[in-house]
Structure formats: structure tokens, C-alpha cells
Amino acid sequence: MTVERIGVVGCGQMGGGIAQVCALAEYPVVVMEQTPDLLHRGLARIDAQLGRDVEKGKLSADQRQAAMARISGTTDLSSLSECDLVVEAVVENLDEKRRIFAALDRIVKPDAILASNTSSVCIMEIAAATERRDRVAGMHFFNPVPVMPVVEVVKTIVTSDDAIDQICAVADKLHKTVVLAKDTPGFIVNLLLVPYLLDAIRALEGGVASRDDIDTAMKLGCGLPMGPLTLADFIGLDTLLYIGDVLLNEFHQEKYAAPPLLRRMVIAGMVGRKSGKGFYEYTR
Ligand SMILES: NC(=O)c1ccc[n+]([C@@H]2O[C@H](COP(=O)([O-])OP(=O)(O)OC[C@H]3O[C@@H](n4cnc5c(N)ncnc54)[C@H](O)[C@@H]3O)[C@@H](O)[C@H]2O)c1
């Protein structure tokens with residue numbers, strides 16, 4: 001089996017990006033959303049993003065049209081029956097992901113591969129909801145998907161080498177660099193990034209320096225594209241807190257404990273760029 005048709009469940013920020021890069025790599029893509037309205041909005045976001053690429057001269061109008069023509073939308077999971085690889089990108093919720101994987105397991109071909117784009121849920125827990133545990137893996141893209149050049153491919157203790165090879169071949173066609181990770185919390189990037197971001201918030205809370213000086217110091221002192229508080233706002237403080245809590249529950253190490261300021265900002269709805277306010281303010 002080689003992957004010829006790709007399914008994507010969830011057409012939000014990540015699912016839309018995944019569908020877009022797959023379509024640009026000439027895969028026929030079936031995207032599933034919960035309601036016709038959400039599907040319509042998700043597909044419109046992809047089309048608008050491709051439109052911006054045309055304006056910037058990165059794509060031709062024909063390439064945009066051809067990519068959109070390769071994407072078909074559905075609100076019925078059974079429309080993914082002919083897909084060889086399905087990438088799930090719904091909300092970060094274990095029960096919801098397990099429910100979708102159990103349903104997909106009954107719908108897709110026996111050798112089809114099921115992958116999750118989760119940032120923090122244990123892949124083995126998702127795989128255990130299926131009868132094809134050796135064909136379930138993590139395929140963790142980064143935001144924004146069309147721009148970020150790396151994908152973490154996550155192998156559980158039972159994922160077959162063949163499934164991993166197939167996923168790596170797809171990632172290669174998408175022009176993404178693959179890094180292989182074990183199914184441990186945070187994989188590679190979040191395991192290393194999250195404690196750093198939590199420490200930056202602790203530094204602000206402890207009065208080490210101002211918001212701007214923490215960001216400027218790390219940006220200019222370490223040659224980073226943005227400071228940690230700006231990055232935390234971009235990721236979403238709710239997401240950062242959620243991943244921090246997952247890491248803390250698993251490893252019981254102080255470095256993963258959320259600073260009180262982070263928890264309070266999330267409770268207050270100040271979750272960063274997407275809410276208009278986090279460490280910085282944003283006009284939406
Ligand atoms: N946002 C990021 O920076 C980022 C980065 C890497 C991975 N992730 C992971 O990607 C996944 C999606 O995150 P996102 O930021 O795109 O979220 P999002 O809220 O933008 O999108 C999720 C989409 O899934 C849809 N959905 C929910 N339940 C569904 C169902 N049963 N069937 C079909 N669609 C359903 C929602 O309607 C929504 O459009 C999460 O697991 C998240 O951890 C996010």
C-alpha cells in the first residue's frame with residue numbers, strides 16, 4: 001500500500017493547513033468537519049490563504065484552483081472510507097480523539113494508517129481505541145502548517161515500521177523535514193519548549209525584568225525570531241497551560257508547573273493573540 005488519498009478530520013487552524021499542504025502536493029484530500037457551516041468556513045480559510053500566496057507570487061492562480069479542486073469537504077466521517085492515511089486535527093481532547101479513531105477504524109480499509117496531530121495526548125491511548133494499533137501514529141505539524149518546515153512523526157511501542165515509513169514518505173512529498181520521536185509527553189519540541197516558556201513567565205512574575213526586556217533579551221541575546229512571551233501569546237496561553245499540565249502529570253517535575261500568573265490569565269480569558277489579549281494586546 002502507498003498513500004494516494006488523504007483524509008483530514010477537523011478543518012480548523014491545523015486541519016485546514018494540513019489539507020492545504022496535502023492538496024498542493026497533489027494528493028486528493030477529503031476534509032471532514034462537524035457542521036456544514038464550520039466546513040464552509042474552514043474551506044474558505046484555505047482558499048483565502050491560497051489567494052494570499054497568489055498575491056505574493058508564491059503560487060499561480062491555476063495552482064490555487066487546482067489545489068482547491070483536489071479538496072472535497074464532508075460532514076460525514078464515512079466519506080473518508082477510501083483514504084489511505086487519515087490525519088486527525090480536532091480539539092485537544094482525549095475522549096473525542098478516541099471516539100473518532102474508533103469510528104474511523106470501522107470505516108477505512110484494513111491497511112489504512114490513522115495519525116493524530118495532537119500536541120500532548122498520548123498516542124498509545126488513542127491507538128488503543130482501535131483494532132489496528134500497529135497502524136496508528138502521531139503526525140505533529142507546527143503552526144502555521146504551510147510555513148513551518150518540520151513534522152514530528154511519533155512511533156508508539158506498537159506502531160509498525162511500515163506505517164512510519166509511509167508517513168515519512170508523505171511528509172517528504174509535503175516538503176517537510178521529519179524528526180522521529182517516541183510517544184512520550186511533549187515529543188521533542190514541546191518537551192524542551194514548554195519549560196522555557198513557563199520559566200519566562202516565572203521571570204516576569206518574579207520581577208526579574210519587564211515583559212519587553214525579557215523578550216528583547218532572548219530575541220537578541222539568543223538570535224531567536226521572537227521572545228518567549230510573544231511566542232506564548234502566539235501559541236495560546238490555554239494551550240501552553242494544557243501541555244504544561246500534561247507534562248507535570250506525567251513527570252512530576254517542578255519545571256513543568258504552571259506559574260500562578262499563567263493560570264490566572266487563562267481563567268481571565270487572556271489567552272494571547274487569538275483572544276486579542278495576552279502578554280500583549282492585538283487588534284483582530
Ligand atoms: N494550534 C496549534 O498551534 C497546534 C500545533 C500543533 C498541533 N495542534 C493540535 O492540532 C489539533 C487541532 O488544533 P487547532 O489549533 O487546529 O484547533 P481548532 O480549534 O482551530 O480546530 C479544531 C477543529 O476541529 C473541529 N472538530 C471538533 N470535533 C470534531 C469532530 N468530531 N469531527 C470533525 N471536526 C471536529 C472543530 O470544529 C474545529 O474546526 C489539536 O489536537 C492541537 O493540539 C495545534
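How many helices and how many strands does the chain have? It has 11 helices and 8 strands. Before I go on, note that this is a predicted model.

Overall dimensions next. Along its principal axes, the C-alpha trace spans about 55 × 45 × 35 Å. The radius of gyration of the chain is 19 Å, which agrees with the value near 19 Å that a compact globule of 284 residues would have.

Now the domains. The chain is split into two parts: domain 1 covers 6-182, and domain 2 covers 190-274. Taken over C-alpha atoms, the centres of domain 1 and domain 2 are 28 Å apart.

In general, a pair of packed helices is described by two quantities, the angle between the axes and the distance between them. The pair here is helix 1, residues 13-24, and helix 2, residues 36-55. Their axes come within 9 Å and cross at roughly 55°. Because of that angle, helix 1 counts as oblique to helix 2. As for handedness, the crossing of helix 1 and helix 2 is right-handed.

Which residues make the contact? On helix 1 they are Gly15, Gly16, Ala19 and Gln20. On helix 2 they are Gly42, Arg45, Ile46, Gln49 and Leu50. By class, the contact of helix 1 with helix 2 has 3 nonpolar residues, 5 polar and 1 charged.

To recap the pair: helix 1 and helix 2 cross at roughly 55°, and the crossing is right-handed. That is what I have for today.

Definitions and conventions
Residues numbered from 1 in each chain as written. Predicted model: local features only at pLDDT ≥ 70, side-chain atom pairs only at ≥ 80, totals over all residues. Domains from an automatic or database assignment. Axes fitted to C-alpha atoms, helices over the stretch in contact; angles between N-to-C directions. Helix = DSSP H or I, 4+ residues; strand = E, 2+ residues; numbered from the N terminus. Parallel < 35°, antiparallel > 145°, perpendicular 65-115°, else oblique. Left-handed = near helix turned anticlockwise from the far one by under 90°. Contact = placed C-beta atoms within 7 Å. Nonpolar A, V, L, I, M, F, W, Y, C, P; charged D, E, K, R; others polar. Rg over C-alpha atoms; globule rule 2.2 N^0.38 Å.
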